[in-house]
Amino acid sequence: MMKQLSPARKRLLDNALTYGIVIVAYLVLQLMSNAELLSSTLEGQLIPICAYVIMAVSLNLVVGISGELSLGHAGFMSVGAFSGVVATVALQQVIPMDSLRLVAALAVGAVMAGFAGFIIGIPVLRLRGDYLAIVTLAFGEIIKNVINCLYIGVDENGIHFATSQAALVLAEGGKAVVKGPMGASGYSKLSSFTAGFILVLITLAIVLNLVHSRAGRAILALRDNRIAAESVGISATKYKMMAFVTSAVLAGAAGALYALSFGSIAAKKFDFNASILVLVFVVLGGLGNIRGSVIAAALLVVLPELLREFYDYRMLVYAIILILVMLLTNSIGIRQFLAQRFSRVGRILSKRAMKGVEN
Amino acid sequence: MAKEFQKGKMVPVPSHSIVPERDVDQMPVLECSHLGIDFGGLTAVNELNLTIGRTEIAGLIGPNGAGKTTVFNLLTKVYQPTRGTILLNGKDTHGMSTTQVNRAGIARTFQNIRLFTNLTVEDNVRIGLHNQVRYPMWDGVFRLPQFWKQEKVAHEKAMELLSIFHMEDLAQHQAGSLPYGAQRRLEIVRALATNPRLLLLDEPAAGMNPSETHDLMENIIKIRDTFHIAIMLIEHDMNLVMGICEGICVLNFGEVIAKGTSEEIQRNPKVIEAYLGSGKKGG
């Protein structure tokens, strides 16, 4: 038997391992990229991987840690993406330095998405369980459709909003940034892999620190037993909202990072499928397991690229892999089998299986 | 083992109720009048008048389904009462939520234990300290000095509270993995962590053996004397109720059928008929 570690120390090691994996992965990929060992498609996936890792970690805060199933997470990503893009174009003159403008765009994306999260959270968090899930799904679609018919232009007088191309009247030298269903285009790609990596680290720090603090314990308490949590004076509305808005803020930053890694972006990119994709990362990585989310998101974003050889059957293989992983990690029999074969990994898995049974 | 516990002399107060003599000059911690709730057409609790002195240990007894836990749920606003008023330290709790009532001074335990089973024993107590040891969310997220300072205070307070039941050594265990009796004790510690004026215990001795029950009785008295709070408990163990409860209220079918000291309750023919049956059981 291994020596028993105190939970505080174990948690510290656990967190260090999570940061370690991210840092090592970044260094390896960066070195490979410098040595031109990466295929061009994989090279292009580096920033989306970072964005999806942030999406998965932030959704895990709502689904895993706060215990509310949200199906509209991509909506917050798109709010962040489009407000981030508009911010970069609008701030072109004010902040000429690219990296500073990227930081500003990420901040604007995060704040706008957080605001959207707060507004949506007011009605949504009054609901529970399946009802909450359905309503978040609806809000995700609403956000997508609103952006789909939004025309945003920037000129010397500031930012202009309209609901049709004709209504968008810009001064001389003005530029239409978002063109309804055509999406946003004509902005410079500001995102870099390093920026994405730093944002992932910030996200991890925010979520992990939040969970192990007074507010995080309140969120966990509400998930474990709402009646008991309220009976010790924890406000359900406040802490559910805190988790929801924090998650939206991070998703907004991820959206801005994602949009600014391409030359153009359209609202249809952030549809229901995108929300489900992120949910798949979270469930596959383990509810409440932040490190799992990071790994699952990174692998599953890359997987379709790695399956390029079986192009026609790509999604089929992808689906089969998903099903196999789910079966493998959820079957107690298989976990116990693994526990005997590979004691270290197996012990963790079977412990989680037992926990699942208790719940 | 049948040690006599010291009980205060009960004296009448203007609200046609009795409180311990030592509390008579102070405002009662709880005063319910005409409290009632209907679920659809069913009247679960009706015309409940109850006064609890500042440091009283009160008992709420009655046959199964009499509405005892419903009374607790009314006091803690899990249900909003249909009729009547609840005064907590003289303040009307009308329209308050469970959270607000807790902040105003009522803490409780549950009949079917409701711990945060996936968290450690210490974290359960720290969650109880939520409103006692505070710092803003940002201090936690960015690990500012206030975080470290308050977390240390929370740790010390949690350990101090756990020491009431000598549970310090269990602090890092998962709450759900504790034996039944320890889970019940942990729930009491968690409730105490919220710094209540009135502690409601819903069947604290359920599932305990006689020696554990005896320790619990001593601990309930110790808690009252240490924290100077009132305690009301629902219990089926008559040794416990008659041993430590000063004022006892008997419910049957949602109505109060008797109130008084343990001696008065044991002599009351209505109680004997409704609750103790033909008198073969009890005492």
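**Figure 1. Hairpin of strand 3 and strand 4 in the predicted model of chain B.** Two residues lie between the strands of this hairpin, where B:Gly40 adopts a positive phi near 60°. Strand 3 (residues 30-39) and strand 4 (residues 42-52) of chain B run antiparallel and are joined by seven bridges. B:Leu35 has B:Leu48 of strand 4 as its bridge partner. Strands (E, at least two residues) and helices (H or I, at least four) are DSSP runs numbered from the N terminus. Residues are numbered from 1 along each chain as its sequence is written, and chains are lettered from A in the order in which they are written. In this predicted model, local features need pLDDT of at least 70 and side-chain atom pairs count only at pLDDT 80 or more, whereas totals for chains, interfaces and linings use all residues.

**Figure 2. Open sheet of chain B.** Four strands with antiparallel pairing (at least two DSSP bridges between two strands) follow the order 4-3-6-7. Strand 4 and strand 7 (91-92) are the edge strands, each pairing on one side only. Five bridges connect strand 3 to strand 6 (residues 83-88), and these strands run antiparallel. In strand 6, B:Arg83 stands opposite B:Gly36.

**Figure 3. Side of chain B that touches chain A.** Contacts (C-beta atoms, placed from the backbone, within 7 Å) link 30 residues of chain B with 25 residues of chain A. Helix 2 (98-104), helix 3 (121-128) and helix 4 (137-141) of chain B each supply at least two residues of this side.

Key
Two residues are in contact if their C-beta atoms, placed from the backbone, lie within 7 Å. Ala, Val, Leu, Ile, Met, Phe, Trp, Tyr, Cys and Pro count as nonpolar, Asp, Glu, Lys and Arg as charged, and the others, Gly among them, as polar.
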